[in-house]
Amino acid sequence: MIELDHTFSTGKPVAYNWEAILDLDRVIPRVEGGSVTERTSPDSAKAEIVVKMGAMSMKFRGTVDVAERDDEAHRALLRVKSRDVGGQGYANADVVFTVEDGGGTIHTAAQISGKAASMGEGVVQTVLEALITDFTQKLATI
Amino acid sequence: MTRYVLGPDCGTLTVRTSKAGAAAKAGHNLRMEVTSWHATLDLGDQPALALTADPSSFRVVEGTGGVMPLGDEEKAAIAKTIDDEVLKGSAIEFNSSHIDVDPSGKHLDVEGELKLFDKRQPVTFALTLSDDGRVAGGATVKHSDFGVKPYSALFGTLKVADDVAVEVDATTRSQDDD
């Protein structure tokens, strides 16, 4: 299990941030290589992410659900479950957003197996850290 | 003067890159061949070496290391990336400025300038010359010497190492011109 904490800034009021974070059509494409392939309900989507490693790439396909939401505390848990397309591995994550005026925080707890994990936990953590940092920068314009 | 004319019909010009960065394990060390190049080595009172290579003619021969094996499709994609995003068609030329030939005539210390990424930088390397006309040697070229950042992916955690090895190994008949 890899756990990471990040902050993000939007400069927008809490109500705007809360609505934006719960909108999977806006959130998922802000993950580099991520896209929604099908909306299955207001709180869930089928999605995929292509992680480019130069000429090589790894594709994960799965679901993203708003598993928990606390409208008073403006805290939401987005649960990601995905499998490595063409492989045996998986990449799952519980991503907790807590938003306030101006931005918010993200706590990520990720579990990754298969080829990606064979790089070693330190490498996976470094790449995940870079991926989420890039995501927080893209949230600035959500 | 004795002139050796070298090219892909009689030898190989090999380029080797290695991987660097925190996610280096995900990448491959590459062995590439330049499939279109031409060189002349003149020996005599004023030894000289000149080489030109087509920047769009790189072919990935082998990739070692990495999490996943490198297939033909990925090899072709790397060659295209090198052409489109790295070299971008900029000319590759080397011209010697001075060559020391040892008394045996078999070892040459070459100094000169390499034109790459539209810049010229000094490069030195050693060449050996065999009786059968084999010319072999290699040089290390650094991205940083040319003010170029090595290609990177995965948010900069996986990149090509600064040092790139270039090797020539060719066997050709000399053309004596007295």
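## Reading the model together

Mentor: L154(B) counts as buried, with 22 C-beta neighbours inside 10 Å. Keep in mind as we go that this is a predicted model.

Trainee: Where is L154(B) placed in chain B?

Mentor: L154(B) lies in the loop between β11 (152–153) and β12 (158–171) of chain B. Its backbone deserves a look too: L154(B) is not a glycine, yet it has a positive phi of about 50°.

Trainee: And which loop holds H74(A)?

Mentor: The loop between β4 (56–70) and β5 (75–84) of chain A holds H74(A). H74(A) is not a glycine either, and its phi is positive, at about 55°.

Trainee: Is H74(A) buried or partly exposed?

Mentor: Count the neighbours: a residue is buried if 20 or more other C-beta atoms lie within 10 Å of its own. H74(A) has 19 other C-beta atoms within 10 Å, so H74(A) is partly exposed.

Trainee: Let's turn to helices. Which residues of α1(A) are buried?

Mentor: In helix α1 (residues 14–22) of chain A, the buried residues are N17(A), W18(A) and I21(A). To see how they are arranged, look down the axis: the buried residues of α1(A) fall within an arc of 100°, so they line one face of the helix. Among the elements that cover these buried residues are α2 (24–27), β5, β6 (90–100) and β7 (103–112) of chain A.

Trainee: How do I check the length of a helix such as α3(A)?

Mentor: Compare the expected span with the distance between the ends. With 19 residues at 1.5 Å a residue, α3(A) should span 27 Å, and its end C-alpha atoms are 26 Å apart, which agrees.

Trainee: Which residues of α3(A) are buried?

Mentor: The buried residues of α3(A) are V123(A), V124(A), V127(A), L128(A), L131(A), I132(A) and L139(A). Around the axis they cover an arc of only 155°, which puts them on the same side of α3(A). On the other side of α3(A), G122(A) and Q137(A) are exposed. The cover over the buried residues of α3(A) includes β1 (2–9) and β7 of chain A.

Trainee: Now the interface. How is its size usually expressed?

Mentor: Interface size is often given as the accessible area lost when the parts come together. Here we can count residues instead: 15 residues from chain A and 17 residues from chain B take part in the contact.

Trainee: Which elements of chain A give two or more residues to the side that touches chain B?

Mentor: Those elements are β3 (44–53) and α3 (121–139) of chain A. The largest share of that side, six residues, comes from α3(A). By class, the side of chain A that touches chain B has eight nonpolar, four polar and three charged residues.

Trainee: Finally, how many helices and strands does chain B have?

Mentor: Chain B has one helix and 13 strands. From the N terminus on, the order of the elements is β-β-β-β-β-β-α-β-β-β-β-β-β-β.

Trainee: How compact is chain B for its length?

Mentor: Compare its radius of gyration with the globule rule. The radius of gyration of chain B is 17 Å, close to the 16 Å that the rule gives for 178 residues, so chain B is as compact as a globular protein of that length. Its C-alpha atoms fill a box of roughly 55 × 30 × 25 Å along the principal axes. Buried residues make up 28% of the 178 residues in chain B.

Terms used:
Residues are numbered from 1 along each chain as its sequence is written. Chains are lettered from A and ligands numbered from 1 in the order in which they are written. This is a predicted model: local features need pLDDT of at least 70, side-chain atom pairs count only at pLDDT 80 or more; totals for chains, interfaces and linings use all residues. Two residues are in contact if their C-beta atoms, placed from the backbone, lie within 7 Å. Helices (H or I, at least four residues) and strands (E, at least two) are DSSP runs, numbered from the N terminus. Ala, Val, Leu, Ile, Met, Phe, Trp, Tyr, Cys and Pro count as nonpolar, Asp, Glu, Lys and Arg as charged, and the others, Gly among them, as polar. The radius of gyration is taken over C-alpha atoms; the globule rule is 2.2 Å times the number of residues to the power 0.38. A residue is buried if 20 or more other C-beta atoms lie within 10 Å of its own, exposed if 12 or fewer, and partly exposed in between; C-beta atoms are placed from the backbone. The arc is that of the directions from the helix axis to the C-beta atoms. The expected span of a helix is 1.5 Å times one less than its number of residues.
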